Amino acid sequence: MTDLAKIPVTIVTGFLGAGKTTLIRHLLANPGGKRLAVLVNEFGTMGVDGEILRGCADENCPEEAILELANGCICCTVADEFIPTMEKLLAMDKKPDHILIETSGLALPKPLLKAFDWPAIRSRVTVDGVVAMADAETVSAGQFAPEQGRNGNEHDTPLSEVFGDQMACADLILLSKADLAGAEKLARAREVVAKALPRPVPMLPIADGVIEARILLGLEAAAEDDVEARPSHHDGQAAHEHDDFATIVIDLPERESAAPLLAAIEKLGREQRILRVKGHVAIAGKPMRLLVQAVGARVRSQFDKPWGAEPRASRLVVIAERHDLNAKTIRAALGG
């Protein structure tokens with residue numbers, strides 16, 4: 001790459017829990033010979049994904065090339081946070097060959113895409129492609145379907161609007177967790193996603209974020225020049241708000257066993273319509289942190305790294321639609 005060449009950027013979008021961080025972890029481990037940089041954004045004050053990705057740092061993507069924007073949605077903080085952070089990546093002594101941007105699960109990709117028209121970065125980067133991830137199992141189950149009114153007419157919900165905008169902006173769609181969905185649900189997910197698309201977009205099924213870097217990094221879409229072909233529910237609005245969604249952070253005591261807590265999270269997701277739970281928990285007698293991640297009632301956990309000198313502080317972030325987020329009920333259910 002010459003000094004005059006634009007650095008390609010891939011925007012990875014998709015709803016909460018679709019597998020964006022898992023995908024980027026795989027790309028960091030299998031970069032196809034490219035030197036990568038990552039910008040990760042989270043909804044809420046507590047960052048988990050950025051820490052997960054920094055654990056993958058190596059010579060292809062050193063820790064200083066993995067930056068995080070927390071406590072805000074990247075599509076709403078373009079001038080104040082996104083542009084300065086991009087300029088920081090572009091000013092690195094060893095410039096990246098490719099930049100990955102992981103948006104918040106509630107972010108709209110189109111406002112971010114428009115930011116690449118800013119003079120400060122337009123001459124230096126190009127959006128190689130927008131990759132949207134859709135959890136095949138939850139999509140096929142109708143989580144993002146519009147609601148049916150009494151008169152038989154459909155109307156969009158906050159979930160369906162965000163999902164639709166993410167899919168409509170994509171150059172490539174990855175149907176994630178295909179192994180959990182199975183053939184029938186995967187086919188149904190394809191149908192649901194296709195209805196949200198304003199134009200034909202390739203769809204590929206993946207499991208555990210595994211896909212070759214050459215498939216994703218090199219779409220050459222120059223998406224910043226094609227913004228109008230990507231319609232949004234929020235076109236024409238002066239600003240985009242996230243008032244429909246909320247988050248709380250739960251501090252927990254050390255647990256004797258992980259099983260009761262994981263069961264409580266599963267029950268919470270099933271009965272209280274919780275969208276996402278993630279964080280770390282201290283288990284008595286275990287020197288490693290328990291990483292907990294849940295999408296609805298589907299809960300996964302693993303010991304990810306030693307606590308070391310870090311305080312054994314258990315914290316979970318919980319995200320839901322605002323009217324479903326009852327802090328008192330959630331704290332009581334999780335023992336926080």
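The model is predicted, so local features need pLDDT of at least 70 and side-chain atom pairs count only at pLDDT 80 or more, while totals for chains, interfaces and linings use all residues. Residues are numbered from 1 along each chain as its sequence is written, and side-chain values use heavy atoms, with hydrogens and water left out.

**Overall make-up**

- The protein has 11 helices and 14 strands (DSSP runs numbered from the N terminus: H or I of at least four residues for helices, E of at least two for strands).
- Of the 336 residues, 52% are buried (under 20% relative accessible area with a 1.4 Å probe, protein chains only; exposed is over 50%, partly exposed in between).
- Among contacts (heavy atoms within 4.5 Å) between residues at least 6 apart in sequence, 79% join residues at least 24 apart.

**Helix α10**

- Helix α10 spans residues 259-271, and its 13 residues reach 18 Å from first C-alpha to last, close to the 18 Å expected at 1.5 Å a residue (1.5 Å times one less than the number of residues).
- Its buried residues are Leu261, Leu262, Ala264, Ile265, Leu268 and Gly269.
- Seen down the axis of α10, these buried residues fall within an arc of 160°, so they line one face of the helix (the arc is that of the directions from the helix axis to the C-beta atoms).
- Pro260 and Arg270, on the other side of α10, are exposed.
- The cover over the buried residues of α10 includes strands β10 (245-252), β11 (276-281), β12 (288-295), β13 (298-306) and β14 (314-321), along with helix α11 (327-334).

**Cavity**

- One cavity of 30 Å³ or more is found in a search of the whole structure (a set of points on a 1 Å grid over the protein atoms alone where a 1.4 Å probe fits but cannot get out; lining residues have an atom within 4 Å of a point).
- The largest cavity holds about 50 Å³ of space (the volume is that filled by probe spheres set on the points, which are joined across faces, edges and corners).
- Its lining includes Phe15, Leu16, Met133, Asp135, Phe144 and Phe163.
- The largest share of that lining, three residues, comes from β5.

**Ile83**

- Ile83 lies in helix α3 (residues 78-90), and at 6% relative accessibility it counts as buried.
- Ile83 and Ile121 are 38 residues apart in sequence and 7.7 Å apart in space, C-alpha to C-alpha.

Methods: 1 Å grid on protein atoms, 1.4 Å probe; cavity = no way out; pocket = protein on both sides within 12 Å on 5 of 7 lines; lining within 4 Å.
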